[in-house]
Amino acid sequence: MAHGHLQSADELDGAFASAVADTMRALATPSRVRILGRLRAGASSVNELADAVEMEPSAVSHQLRLLRHLGFVVGRRAGRRVVYDLYDDHVAHLLDEAISHVEHVRLGLAGRSRERDTTQLSA
């Protein structure tokens, strides 16, 4: 999917940096991370999510409202219930990267990737 001009991380203005910070804050609670992780596996209803993440349906609904507002999830009607899913592949990639980062930190694998180092050397 083409996105046009993407913001460069080293040239963010205050408003855009604030929006990015809001996005990162969405991952600041374990319950939201667990909900997104479950949705990474496929669309689910509130009750299915509540069972999967061991939370009350009302608490899951509250978290889903916030995640929907921040553009992480979408809901669609399926009969009398609403089925939630990740907004797009970017959300899945963001979650995957956060998980990978934690795994690397826990394993003591510090430093930048070889790909980034090579790219910067050739620039």
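**Close-up 1. R81 and its salt bridge with E48**. R81 is partly exposed, with a relative accessible area of 41%; partly exposed lies between buried (under 20%) and exposed (over 50%), using a 1.4 Å probe and protein chains only. E48, at 36%, is also partly exposed. Their side chains meet at 3.5 Å, N to O. A salt bridge here is a side-chain nitrogen of Lys or Arg within 4 Å of a carboxyl oxygen of Asp or Glu. E48 lies in helix α3 (residues 46–53) and R81 in strand β3, so the pair ties together parts 33 residues apart in sequence. Helices (H or I, at least four residues) and strands (E, at least two) are DSSP runs, numbered from the N terminus.

The model is predicted: local features need pLDDT of at least 70, side-chain atom pairs count only at pLDDT 80 or more, and totals for chains, interfaces and linings use all residues. Residues are numbered from 1 along each chain as its sequence is written, and side-chain values use heavy atoms, leaving out hydrogens and water.

**Close-up 2. The salt bridge of R40 and D96**. The N to O distance is 2.7 Å. R40 sits in helix α2 and D96 in helix α5, so the pair links parts 56 residues apart in sequence. R40 is partly exposed at 40%. D96 is partly exposed at 28%.

**Close-up 3. D22 and R25 in helix α1**. The two residues are three apart, about one turn of the helix. Their closest N and O atoms are 2.3 Å apart.

**Close-up 4. The buried face of α5**. V91, A92 and L95 are buried. D89, E97, H101, V105 and L107, on the other side, are exposed.

Terms used:
Arc of directions from axis to C-beta.
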